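Have the structure open as you read.

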Amino acid sequence: MTRLAFCCTNTNADPWLDGLRAALPEADVSLWRSGDPVADYAVVWAPPQDFFDQQPGLKAAFNIGAGVDALLKLQIAPTTLLVRLDDAGMAAQMAEYVCHAIIRAYRGLDHYAAIAQTGRWQPIEPPARTDFPVGIMGLGVLGARVAQAVRQFEFPVNGWSRTAKALDGIECFHGRAQLPAFLAATRVLVCLIPLTPDTRGILNRHTLAQLRPGGVVINVARGAHLVDDDLLALLDSGHLSGATLDVFHTEPLPADHPFWRHPKVTVTPHVSAQTLRQQSITQIAQKLRTLERGEAVAGMVDRASGY
Ligand code: NDP
Ligand code: OXD
């Protein structure tokens, strides 16, 4: 019988175990405990190194998130395939979160919320849509969906990826050489790239200063993409007009972090696209069976590129 181990930190295991057992009646699904017999497959989220040390023959580990930066810090046998969630209900959530943040900034909705406290009636005129180009860093499963959703509101949309892309209605840029042109064409910057050695700290004073004046930053990827002090300096200088941040270097965001109280920063607690349990279980079960048949699955992590 195929053995499937569940090893996810900060996760309520029982509903996952029930769901996995229902979706994979042919498998022996169990909550991993140190010293357990070795498994064939694993469902993981931020597992300890000890888990992989005890699983030299693991065929595949299914990460119950889209980002694998935490997983790739561990020593994992090269023969173990790493498989991440692709979409599984996250793309629609990400599209609604990002569109909401863009429209809030474009229509000045924070201004109305603030003046409502004092009973003031003070309409403001939004800029022309052509003066509010949106740039999406990362045109993968989530970024491509976000780009199409933003397009529906008729904002000009730019996209930037590692390799060249052609997406309907999107001005596509790729590679480091085209990053300056992408930034110069962008006022609202949405970060949806994976955290890798190439992308750590990519949102810094040098890159953010290249955005159009009145720029807005929306970071929904990983906190370590952003140099916090550089963002604060550009908000305070007035070059940037606002930021919506869902991810942070340290999570939960420490109570004394200036982001909490900055008038131009909106903080949310890493909720822009949450893992949906049932859709994830369905995807994992399908992928496990596909791998058992010896076929390839979507969402395979390329360890060399780090995502
Ligand atoms: P994908 O792997 O599908 O897409 C990643 C995209 O980033 C690709 O377009 C890729 O380019 C591009 N990219 C990677 N490295 C670089 C680079 N060095 N320069 C330029 N572009 C680069 O990932 P997803 O869309 O599924 O997820 C993106 C990230 O979103 C995750 O890694 C995770 O960190 C974050 N996330 C956050 C969540 C939240 O709740 N806040 C929830 C889910 C995910 P190419 O197409 O050429 O390969
Ligand atoms: C993910 C996340 O990577 O939740 O899926 O951030």
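The notes below cover a pocket, a cavity and a helix.

This is a predicted model, where local features need pLDDT of at least 70, side-chain atom pairs count only at pLDDT 80 or more, and totals for chains, interfaces and linings use all residues. Residues are numbered from 1 along each chain as its sequence is written.

**The second largest pocket**
- This pocket (an open set of 1 Å grid points with protein on both sides within 12 Å along at least five of seven lines) holds about 380 Å³ of space.
- Its lining (residues with an atom within 4 Å of a point) has 18 residues, and Ala105, Asp110, Ser241, Gly242 and Lys264 lie nearest the centre.
- β11 (240-245) gives the most to this lining, with four residues, while α3 (90-106), α4 (109-116) and β12 (265-267) each supply at least two.
- Seven lining residues are nonpolar, seven polar and four charged, with Gly counted as polar.

**The largest cavity**
- The search finds one cavity (points where a 1.4 Å probe fits but cannot get out) of 30 Å³ or more.
- Arg3, Leu4, Ala5, Ser30, Trp32, Asp36, Pro37 and Ala39 line the largest cavity, and strand β1 (residues 2-8) gives the most, with three residues.

**Helix α5**
- In α5 (residues 141-151), Leu142, Gly143, Val146, Ala147, Ala149 and Val150 are buried, that is, under 20% relative accessible area with a 1.4 Å probe, protein chains only.
- These residues sit on the same side of α5 because they cover an arc of only 165° around the axis, taken from the directions from the helix axis to the C-beta atoms.
- Their cover includes α3, β6 (134-137) and β7 (157-161), where contact means heavy atoms within 4.5 Å.

Terms used: Chains lettered and ligands numbered in written order. Heavy atoms only, no water. Points joined across faces, edges and corners; volume = space filled by probe spheres on them. Buried < 20%, exposed > 50% of the residue type's maximum accessible area, 1.4 Å probe, protein only.
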